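Subject: Structure handover

Hello,

I am passing on to you the structure we talked about, and I would ask you to open it beside this message while you read. Please take your time with each part before moving on to the next.

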Amino acid sequence: MYLPPHDPHVDDPMRFKPLFRIHLMERKCATVECMYGHKGPHNGHIQIVKKDEFSTKCNQTDHHRMSGGRQEEFRTWLREEWGRTLEDIFHEHMQELILMKFIYTSQYDNCLTYRRIYLPPSSPDDLIQPGLFKGTYGSHGLEIVMLSFHGKKAKGTKITGDPNIPAGQQTVEIDLAHPLQLPDIENLRDFSELSRIVLEVQEQVRREEQEREQQQEEEEHTQQAASQPASPLGGEGAEGEETAAGAEGTTQDKAPASQPFVLPMGVISRNEDYPRTCRICFYGTGLIAGHGFTSPERTPGVFVLFDDDRFGFIWLELKSFSLYSRIKVSFQNAQAPSREAFDEMLKNIQSLAT
């Protein structure tokens, strides 16, 4: 198991924890040992479910328990998972979230199912190299997010989840067709000024989506009415897309190599050690929900690209900032055989989460 560093140190390396091991014996026999818990290796079982999926089961779950009961198990888990004690956590809401995570994860320590995850394919046109990133999520601590590019969109998919947003869900979506021009550093400190800029772009995006839907309806109506499919608005739409792409390129070309950056007053950040310069910003949306993934909704925000290995996201509605840092572990045989296989994997992990 690869665990993120302790919150909020996103630039620290990942931590490694063995979960099971297999001993290959003579005559093609094998023994499986569960490595979970603090009493050493013990008897386990592995079952191949189907292609790219297998399950492990512990046959001696008493090895997972501690003499001090659940309280000792919780304190040990807290030190390992968070690098702190319960006395260090003064925020009541954070205590509640941490306890929920412990209860949830400890329920499944005896039987786990593993499914293959592909790393996202890359293209020369990508803003940065896609891949896995560690990100700060407020009281939830650090979580793992996969950044992938899909034409004029970039998606951040949760690989690890929390009581609000489970793994597999798309935590952020970046609209690469709508770069944001940040105000000067003094005006950037004013949250209302940043909010005004973002909400104006949100309204622009909403109008463009309505126009596309209306155009699509007219094209379908025209195709039904004519013997040959033709779209009087097709040329105009294509020209509009080309103009938008051209404007996008122009905006990025004119953007300075770096510009001063500071979080607006009132925006909360777990990590105050974020970069003070950025390359470019884009309009985006972030997914928020209540406990148990109730009432999920996409809310406006700002994607901030700092460098090749770090980016941030300002959650406008939450007045919160997440900082992401690239995971630099080399994973073997993790490349997707095709773009279609990667897209199919994204759909599958999202369907599992829902």
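Predicted model: local features only at pLDDT ≥ 70, side-chain atom pairs only at ≥ 80, totals over all residues.

The domain assignment divides the chain into domain 1, covering 2–115, and domain 2, which is made up of 131–195 + 256–352. The centres of domain 1 and domain 2, taken over C-alpha atoms, are 27 Å apart. Where the two meet, 19 residues of domain 1 are in contact with 21 residues of domain 2, and the area buried between them is about 1,800 Å², with carbon and sulfur atoms giving 66% of that area. On the domain 1 side, Val-10, Met-14 and Leu-97 lose the most area to domain 2, and together they account for 32% of what that side buries. Two salt bridges are counted between the domains.

Helix α1 (residues 69–82) packs against helix α2 (residues 92–106) at an angle of about 105°, and their axes are 11 Å apart. Because angles of 65 to 115 degrees count as roughly perpendicular, α1 is described as roughly perpendicular to α2. Among the residues that make this contact are Phe-74, Trp-77 and Leu-78 of α1, together with Ile-98, Leu-99 and Phe-102 of α2. Taken as a whole, the residues of the contact divide into eight nonpolar, two polar and four charged.

The structure holds 25 salt bridges. One of them joins Glu-80 to Lys-17, with the closest N and O atoms 3.9 Å apart. Since Glu-80 lies in helix α1 whereas Lys-17 lies in the loop between β2 (15–16) and β3 (20–24), this pair ties together parts that are 63 residues apart in sequence. Another salt bridge links Asp-7 with Arg-270, and here the closest N and O atoms are 2.3 Å apart.

Finally, a few backbone details deserve a careful look, because most residues other than glycine have a negative phi, and most peptide bonds are trans. The peptide bond from Asp-7 to Pro-8 is cis, with omega near 0°, and Pro-8 lies in the loop between β1 (2–3) and β2. Phe-293, although not a glycine, has a positive phi of about 60°, and its place is the loop between β15 (280–290) and β16 (294–307). Asn-333 also has a positive phi, near 55°, and is found in the loop between β18 (320–326) and α6 (339–353).

Best wishes

Technical notes:
Residues numbered from 1 in each chain as written. Heavy atoms only, no water. Axes fitted to C-alpha atoms, helices over the stretch in contact; angles between N-to-C directions. Helix = DSSP H or I, 4+ residues; strand = E, 2+ residues; numbered from the N terminus. Parallel < 35°, antiparallel > 145°, perpendicular 65-115°, else oblique. Contact = heavy atoms within 4.5 Å. Nonpolar A, V, L, I, M, F, W, Y, C, P; charged D, E, K, R; others polar. Domains from an automatic or database assignment. Buried area = accessible area lost by both parts, 1.4 Å probe. Salt bridge = Lys/Arg side-chain N within 4 Å of Asp/Glu carboxyl O.
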